[in-house]
Amino acid sequence: MSDEITIGLVSISDRASDGTYEDQGIPALKDWLAKALTSPWRAETRLIPDERPMIERTLVDLVDTVGCSLILTTGGTGPAVRDVTPEATLAVGEKEMPGFGEEMRRISLNFVPTAILSRQVAVIRGKSLIVNLPGQPKSIRETLEGLRAVDGSVAHVGIFAAIPYCIDLIGGPYVETDEAVIKAFRPKHAIRPKQG
């Protein structure tokens with residue numbers, strides 16, 4: 001049985017989706033995941049506008065048809081009129097996972113006071129975890145990876161530390177990480193021996 005995980009990467013932006021500017025969200029996510037994951041994975045990418053029905057259809061398709069175990073969205077989580085990613089995410093979810101949004105805001109508040117305006121949420125749909133991330137590449141990395149002190153030690157753990165175990169609990173593949181980037185936390189009973 002393959003433990004490859006299919007990860008949906010969804011960039012939500014009117015201007016990037018219509019070609020006004022180049023999307024930076026999906027490349028940032030791919031770059032970070034390539035560094036962070038040591039187990040097999042593949043990406044399913046979507047670049048879509050800030051349209052709630054389209055966001056909902058995209059998330060449902062990635063879970064129900066494509067079979068993504070994890071979906072990371074970027075963009076559309078502020079207070080502006082067209083920022084509707086959280087509403088779309090909550091509409092398709094079966095269980096809300098509020099700790100992810102709380103922790104992302106807490107991490108981002110170390111950098112900018114406007115992080116309090118962010119409305120990121122996370123939900124479970126079937127056997128998939130869907131997480132709304134910030135829109136800026138730097139913020140994406142900081143929320144996933146956490147904060148490092150001047151000496152390079154981890155000062156504040158990023159949200160990705162909890163994602164592999166969450167995926168275990170909802171019946172997804174076993175995901176392993178490079179501990180130099182982010183150490184996945186699992187209780188001792190849930191840790192598999194390293195494959196040699």
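**Notebook: contacts, sheet and rings**

I began with Ala 122, which touches Lys 95, Glu 96, Met 97, Phe 100, Ile 130 and Val 131, residues up to four places away in sequence not being counted. I took contact to mean heavy atoms within 4.5 Å. I noted that the model is predicted, that local features need pLDDT of at least 70, that side-chain atom pairs count only at pLDDT 80 or more, and that totals for chains, interfaces and linings use all residues. Residues are numbered from 1 along each chain as its sequence is written, and side-chain values use heavy atoms, with hydrogens and water left out.

**Ala 122 and the sheet**

I located Ala 122 in strand S5. Helices (H or I, at least four residues) and strands (E, at least two) are DSSP runs, numbered from the N terminus. Is Ala 122 buried or exposed? Ala 122 counts as buried, at 1% relative accessibility; buried means under 20% relative accessible area, exposed over 50%, and partly exposed in between, with a 1.4 Å probe and protein chains only. I also found Ala 122 and Pro 86 to be 8.3 Å apart in space, C-alpha to C-alpha, and 36 residues apart in sequence.

I then traced the open sheet, in which 6 strands follow the order S2-S1-S3-S6-S5-S4 with mixed pairing. Two strands pair if DSSP finds at least two bridges between them. Strand S2 (41-48) and strand S4 (95-96) stand at the edges with a single partner strand each, so one side of each is left without a neighbour in the sheet. Strand S1 (residues 5-12) runs parallel to S2, and 8 bridges join them. I recorded Ile 48 in S2 as the bridge partner of Ile 12. Helix H5 (residues 98-108) packs on the sheet and touches S4, strand S5 (122-125) and strand S6 (128-133). The direction of H5 makes about 25 degrees with that of S6; axes are lines fitted to C-alpha atoms, for helices over the stretch in contact, and angles run from 0 to 180 degrees between N-to-C directions.

**The hairpin**

I looked next at strand S7 (residues 146-148), which is joined to S8 by 3 bridges, the two running antiparallel. Leu 147 has His 156 in S8 as its bridge partner. The hairpin has 5 residues between the strands, and Gly 152 takes a positive phi near 90 degrees there.

**Rings and charges**

I found both Trp 32 and Phe 160 buried.

I checked charges over rings, defined by NZ of Lys or CZ of Arg within 6 Å of the ring centre and within 35 degrees of the ring normal. The charged end of Lys 138 sits over the ring of Phe 111, 4.4 Å from its centre. Arg 186 lies over the face of Tyr 174, 3.7 Å from the ring centre.

**Pro 137**

I placed Pro 137 in helix H6 (residues 137-145). Pro 137 is partly exposed, with a relative accessible area of 26%. Leaving aside neighbours within four places in sequence, Pro 137 is in contact with Gln 24 and Ala 28.
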